[in-house]
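Have the model open while you read.

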Amino acid sequence: MEPLPPVTEPRALAFEEPTPSNEAEYRRKVRMFEHCWLITLRGSMFRRLPFGYLIEVLSHRLLRYGSGLLHVVLLGTSAGLVAEGPAYAVVLVGQLGLLGAAAAGVPVARYYVLVSWATVQALANYVRHGVPATWDPAATR
């Protein structure tokens, strides 16, 4: 079966108001990632894909959505292995530095940590409660 050609409308315009704060962006990301976890874990996005494209989708989706969990695992293993050599200490200091910068309010660090943690919170929400079918739209100006 031939794939359908993409349909485009060059005059179509879409606008999205930016979130007013990192905390609002965090809530938005949690809401979005809940749906992403549903699609990834229960949906059919991985079925009938050519092998090369399957690898691309897996690496993009699972690494992106799992980034918060991977950070937590890395922090735990770095702390557990810190006495095993200087490389582990360097990695642990880097991670603690990032967390410290986020706690101190350094914008890029705070945003990165919040968005990474949003993937963990969204997975916990998905496992505990499923995914809400609706949500309240963001406030507009």
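1. A definition to start with: a salt bridge here is a side-chain nitrogen of Lys or Arg within 4 Å of a carboxyl oxygen of Asp or Glu. Keep in mind that this is a predicted model. With that rule, the count is three salt bridges.

2. Take Arg11 and Glu9 to begin. Their closest N and O atoms are 3.0 Å apart, and the two form a salt bridge.

3. Next, Arg110 and Glu23, a salt bridge with the closest N and O atoms 2.3 Å apart. Arg110 sits in helix H5 and Glu23 in helix H1 (residues 22-42), so this pair ties together parts that are 87 residues apart in sequence. Both ends count as partly exposed: Arg110 has 28% relative accessibility and Glu23 has 34%.

4. Helix H1 also holds Glu25 and Arg28, whose separation of three residues is about one helical turn. Their side chains meet in a salt bridge at 2.9 Å, N to O. Are these two residues buried or exposed? Glu25 is buried, and Arg28 is buried as well.

5. On to the rings. The count of aromatic pairs is two. In one of them, Phe33 and Tyr65 have ring centres 5.6 Å apart and planes at 70°, so the pair is edge-to-face. Phe33 belongs to helix H1 and Tyr65 to helix H2 (residues 51-65), so the contact ties together parts 32 residues apart in sequence.

6. Last, have a look at the second largest pocket, which holds about 210 Å³ of space. Which elements give two or more residues to its lining? They are helix H3 (67-81), helix H4 (86-103) and helix H5 (107-129). Lining residues include Gly68, His71, Gln95, Leu98, Tyr112 and Trp117.

7. What is the make-up of that lining by class? There are seven nonpolar and four polar residues, and no charged ones.

How values were computed:
Residues numbered from 1 in each chain as written. Predicted model: local features only at pLDDT ≥ 70, side-chain atom pairs only at ≥ 80, totals over all residues. Heavy atoms only, no water. 1 Å grid on protein atoms, 1.4 Å probe; cavity = no way out; pocket = protein on both sides within 12 Å on 5 of 7 lines; lining within 4 Å. Points joined across faces, edges and corners; volume = space filled by probe spheres on them. Helix = DSSP H or I, 4+ residues; strand = E, 2+ residues; numbered from the N terminus. Nonpolar A, V, L, I, M, F, W, Y, C, P; charged D, E, K, R; others polar. Buried < 20%, exposed > 50% of the residue type's maximum accessible area, 1.4 Å probe, protein only. Phe/Tyr/Trp six-rings, centres within 6.5 Å; stacked < 30°, edge-to-face > 60°.
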